[in-house]
Amino acid sequence: MQQQGAPPDPIRNQLDERSDEELLRNAADGAQEALATLFDRYQGLMYGLAMKITADPATAQDVVQDAFAGIWRNASRFDSERASARAWMLAIAHHRAVDAVRRRRPTAQLESDGAPLPPALVAPDIWGEVRQRLDAATVRIALDRLAPLQREAIELAYFKGMTQQDIAARTESPLGTVKSRVRLGLQTLRTEIEAMERSLPAFDEGA
Amino acid sequence: MERVNVTCHDIDELAGLYVLDALEPAEMASVSAHLQECPDPHPLFAELAAGTIGLLATVERLDTPLAMKDRVMAAVAVIPQGPRPRACRHGSRGAATDDGAVTRADTRADTATCDGAAACDGAAPALDGTAAARDGSTAGSHLLAAPGGDTGCRRR
């Protein structure tokens, strides 16, 4: 009988201590259990993101499955110099979700092949810690500080899967205006989040 | 897919929409290709991507149904993995050992020297961390690194 609180599965526990990057490398070497651990870590965030974008459980579950299939298939191409594992995996999930909602639109331009290509979601390592520490409410405050038209453009793009043409049509704005709203909004968001990060108490594991 | 020609000036205008994955597919492909080919850093992309990461923090986690994990793992079990990029002698990816450990120092040191190594499939030039991840399907490839395209960029 194991002592209470002892890890029930030593092998699994060992995997759980590995970084996302290590797990991706293990997955690239064919280790399915490494992918299973990544699933445990990210299924909730990916499904939440997919639900927010697609608003449909069956579609969102397909998105999660497709995302992990894509992660598995391409794990050997993950490059830790370019992106954190988390950002890379979530960019894949985001892209699958956006692709799913765009396919529902009769006017959407679809990609010509079956392998959607998400853009880089790449940021300096420092943001890894920031995004772990900031909670949703804090970022929501930062979002609320944006000019409403900037926030709307960003949210329509990221959470509704709209392209710049969709957003321009929806908001009755020229394309150039949509571009600059998105850019200025993201820059402001970054600045606001950085300021909040600085105001957080020093990171303390025990806190 | 028809590629739209984008210059360094255009590309920074598209950066926000790019990091939000909100460009039309042809534009998305053009920007990704430009980032791969262009010798100039485009730091705006990393800057704006950091804003995007903030958006993720507003997403509420939602557990998938319990059967989901089995479904995913069953699907994965029959999916062949993509070809492993050939080991890059420039060392930019780092060499995975049998136990999967990779020396971090190895992955850092020589990235820049991979630039222009046509046969190296290990990692493309770092582009200040802004190059496309793109589902991994072309990331880490020098396929697009050959200069000569009209990117409108200042050359080194």
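Predicted model: local features only at pLDDT ≥ 70, side-chain atom pairs only at ≥ 80, totals over all residues.
Q: How many helices and how many strands are there in chain B?
A: Residues are numbered from 1 along each chain as its sequence is written, chains are lettered from A and ligands numbered from 1 in the order in which they are written, and side-chain values use heavy atoms, leaving out hydrogens and water. Helices (H or I, at least four residues) and strands (E, at least two) are DSSP runs numbered from the N terminus, and those of chain B read α-α-α-α-α from that end. The count is five helices and zero strands.

Q: What share of the 207 residues in chain A is buried?
A: Chain A has ten helices and zero strands. Its accessible surface (Shrake-Rupley method, 1.4 Å probe; for residues, only the protein chains shown count as cover) comes to about 9300 Å², with 50% belonging to carbon and sulfur atoms. With buried meaning under 20% relative accessible area, exposed over 50% and partly exposed in between (1.4 Å probe, protein chains only), the buried share of chain A is 53%.

Q: What share of the 156 residues in chain B is buried?
A: Chain B exposes about 7100 Å², and carbon and sulfur atoms supply 54% of that area. Of its contacts with a separation of 6 or more, 62% are between residues 24 or more positions apart. The buried share of chain B is 56%.

Q: How many aromatic pairs does a search of the whole structure find, and how far apart in the chain are A:Phe39 and A:Phe68?
A: Rings of Phe, Tyr and Trp (its six-membered ring) pair if their centres lie within 6.5 Å, with planes under 30 degrees apart counted as stacked, over 60 as edge-to-face and the rest as tilted; the search finds four pairs over all chains. One of them is the tilted pair of A:Phe39 and A:Phe68, at 5.1 Å centre to centre with 50° between the planes. A:Phe39 sits in helix H3 (residues 32-54) of chain A and A:Phe68 in helix H4 (residues 57-74) of chain A, which puts them apart by 29 residues.

Q: Why do A:Phe39 and A:Phe68 count as buried?
A: A:Phe39 is buried because its relative accessible area is 3%. A:Phe68 counts as buried because its relative accessibility is 0%.

Q: What kind of aromatic pair do B:Tyr18 and B:Phe45 form?
A: Their centres are 5.5 Å apart, and the angle between the planes is 70°. B:Tyr18 lies in helix H1 (residues 8-19) of chain B and B:Phe45 in helix H3 (residues 43-56) of chain B, so the pair links distant parts of the chain, 27 residues apart. Both residues are buried. The pair is edge-to-face.

Q: Is A:Glu172 buried or exposed?
A: A:Glu172 is in the loop between helix H9 (164-171) and H10 of chain A. Its phi is near 50°, a positive value in a residue other than glycine. Because its relative accessibility is 75%, A:Glu172 counts as exposed.

Q: Is B:Asp21 buried or exposed?
A: Although B:Asp21 is not a glycine, its phi is positive, about 60°. This residue is found in the loop between H1 and helix H2 (25-37) of chain B. Since its relative accessible area is 1%, B:Asp21 is buried.

Q: How many of the 19 residues of H5(A) are buried?
A: Helix H5 (residues 85-103) of chain A reaches 27 Å from its first C-alpha to its last, close to the 27 Å expected at 1.5 Å a residue (1.5 Å times one less than the number of residues). The helix is largely enclosed by the rest of the structure, because its buried residues number 18.

Notes. Contact = heavy atoms within 4.5 Å.
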